[in-house]
There are 2 protein chains.
Amino acid sequence: MISIEEHLDRILQAVHQLPPREEELLAGRGCVLAEDVASPVALPGFTNSAMDGYAVRAADVSGATGAAPVTLPVLGDIPAGSTERHTMSAGECWRIMTGAPLPGGADAVVPVELTDRGLEQVRIDAAVTAGRHVRPQGEDVAVGDVVLQAGTLLGPRQVAVLAAVGRDRVRVVPWPRVVVLSTGDELIEPGQTPGFGQVVDSNGLMLTAAVAAVGAPVRRIGRVRDDDQSFRDALADALEGADALVTTGGVSAGAYDTVKAVLSRSGTVQFDQVAMQPGKPQGFGVLADGRVPVFTLPGNPVSALVSFEVFVAPALRQMAGQPAEPPTLEAVAGHDWSSPEGRTQFARVVLRREGADGVDWTADLAGGQGSHVLGGLAAAHALAVIPAEVTQVHAGDQVTCRLLTPLGTVA
Amino acid sequence: MISIEEHLDRILQAVHQLPPREEELLAGRGCVLAEDVASPVALPGFTNSAMDGYAVRAADVSGATGAAPVTLPVLGDIPAGSTERHTMSAGECWRIMTGAPLPGGADAVVPVELTDRGLEQVRIDAAVTAGRHVRPQGEDVAVGDVVLQAGTLLGPRQVAVLAAVGRDRVRVVPWPRVVVLSTGDELIEPGQTPGFGQVVDSNGLMLTAAVAAVGAPVRRIGRVRDDDQSFRDALADALEGADALVTTGGVSAGAYDTVKAVLSRSGTVQFDQVAMQPGKPQGFGVLADGRVPVFTLPGNPVSALVSFEVFVAPALRQMAGQPAEPPTLEAVAGHDWSSPEGRTQFARVVLRREGADGVDWTADLAGGQGSHVLGGLAAAHALAVIPAEVTQVHAGDQVTCRLLTPLGTVA
């Protein structure tokens, strides 16, 4: 048996960040930037008003108060979006809208609330200092400034910055295109009525949804028959346009374990017993001239899901240029449970807030822990990772948890 | 001025969970279930083997050891996916694969590793107890069991359970279809070269990406001109097939604030000053006979983003049947900063791990805090929420943060 760390290291050594691709700006959301982006423009692009009000020379209104207002002639309106270049002289002003270009000769804006809102002439009831309510050209970004660095994850705010500096396309590290392939003569599609001995390909659906939840595009190939030729045909189809391949089923010690039989002969896929529970039988390798990593996951649903979280998701994230390991959460065991000697246990746990301040978490085992039990798996919020050397978890022990669901959905 | 709580309460009172819709199973991922799902089948659907090995009567091998093995005739192979009903008598056995139906007359499975792997007859080197390595029919789920309750968020594991109990379609609460509409004569599309006085509609792109990040389908209508007819036309287009509408720009006190001017006359949209910084000018109401909530966000990018996080995202989540408020994170202020009196501050902060154990978080202000400054906004990990009564944050104070980016991407 090899350790989890050994198996994961081998995977993360073998999978590489995908080559950058140009995408439309909104399509790049969720990817990391593959280039430093320097701005070809200044932001703001022109000196403009931060308020609705009147563009003035501060010196002209330096004495203004409610008791001793200053009245100025209004040369006209400057709306936001005005592309005319206006100017003014001492003793004059323009009515101006938020975001509109400041006229030449003005150095401050008096907010409309401090005036009588006049159109021909305006009464100004308060002084402003030079520069007040003015956003100078280039204050935020100067020409040539690097606004975002390669490796930055593109969320809504990064999309806004890229748009603001003129980008409508962007070079990103794409997410790998993943194919999920289920093998087994016993499999039927969801919605079909199972005959004696048949089971729905729930693993294929689960892993397809899991890939999508990570953020990667996914294609599912269901119900591949348990014979070498069927699997080889499905494999050829799967490798078409795929960056990674995930199989489920067909890898234990049985006589009909086609996946293991065929891929063992490829010479580049290695099958191991990994010291974990569940999920012991693992296979990993690369196909298509070292280009496409393949993960052969066990057929038990809990084993398949745990294997996906522990090995596949980190690899997919690394291929997309993102941190491989997810953040973990520290919780306290709510009761005792046992863990197998010499194997890391991934216990399915339900989390609950503990204590008056509600900032601590308690982890309780989630229903049946058998590796075929879907009910307990679906109820769990997280996997509690119990190290291989621990055989007994005691109530009150600190346990590190990998979240299976967004924290916001945990009551 | 009204408080944040007052404005948010009014919004959450006015927006309602959308009517359920039937979706294909994988398309339902990310939605909450709108029905209790009872299983029409038992899981496992038939008693089956948990191991690759030999199906036996436990009594026949009760004395088996390595020194005194028991040899049994093998009646044949039962592969996974076998739909034949096999039987056996005392003193016989079947070779059987993981997941294959247990033959009638057998009550245990001897793992292949404890045998000589014989095909005609097999030598068994260890005893098993009755029921060992057998998964009884219905052990996980009995016919009629409710496997998932209404309100459950559908992730990969819930998809697996639904598939396993035979579902290929599912009733869910859909995400609202959102339209983002930007107004302003000064706006140009990303990729166009700005003339004097023009700015890219980065807000429209940002809010479109923000809606998508929440999980809702989104359509963007860009560059609506600042006149009543243009806005009314765009509004009619936007309301076509929309469940919610988000506008940006056109709501401050200026002469050309078309959004405010037109929607004020609708009689169902209310404009308020909300005691927050940034984001003071807020409008909210319902259009289309009370069916479509409309959020008019300020035009400053930071104000728009904060308003989205504080008011729009909770409303969209509530419409989708999900918890309105996101989880928060407690951090410690890394330095002093000031906050306006009487207004809740949403300070853009960068988070970093603090302390030897790396479980505590420190929050530092992220660059320029002006409401038009995109750079500081893009760099921030979170909004630190400083209550209205606090005017000075001191280094070491605890501050509650709303995350703007997944925690896994924070170094």
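# A tour of two chains, from domains to contact

Begin by colouring chain A by its four domains, whose bounds come from an automatic or database domain assignment: domain 1 covers 4-18 + 175-319, domain 2 covers 21-43 + 140-173, domain 3 covers 48-135 and domain 4 covers 328-409. This is a predicted model, in which local features need pLDDT of at least 70, side-chain atom pairs count only at pLDDT 80 or more, and totals for chains, interfaces and linings use all residues. Residues are numbered from 1 along each chain as its sequence is written, while chains are lettered from A and ligands numbered from 1 in the order in which they are written.

If you now colour by pLDDT, the predictor's confidence in each residue from 0 to 100, chain A has a mean of 92, and 95% of its residues reach 70 or more. For the model, the scores are ipTM 0.92 and pTM 0.93. Next, select domain 2 and domain 4 of chain A, whose C-alpha centres lie 40 Å apart.

Strands here are DSSP runs (E, at least two residues), numbered from the N terminus, and two of them pair if DSSP finds at least two bridges between them. Zoom in on β5 (residues 53-56) of chain A, which is joined to β8(A) by four bridges, the two strands running antiparallel; here A:Val56 stands opposite A:Ala108 in β8(A).

Now show both chains and superpose them by least squares on the C-alpha atoms of residues with pLDDT of at least 70 in both. Chain B can be laid on chain A with an RMSD of 0.0 Å by a turn of 180° and a shift of 0.0 Å along the axis, which is the relation of a two-fold axis. Select B:Pro406 to find the C-alpha of chain B nearest the axis, 5.0 Å from it.

Finally, select the contact between the chains, where two residues count as touching if their C-beta atoms, placed from the backbone, lie within 7 Å. Chain B contributes 84 residues and chain A 85 residues, and on the side of chain B that touches chain A, α3(B) gives the most, with nine residues; helices are DSSP runs (H or I) of at least four residues. Of the interface residues of chain B, 100% are also interface residues in chain A, so the copies meet through the same surface.
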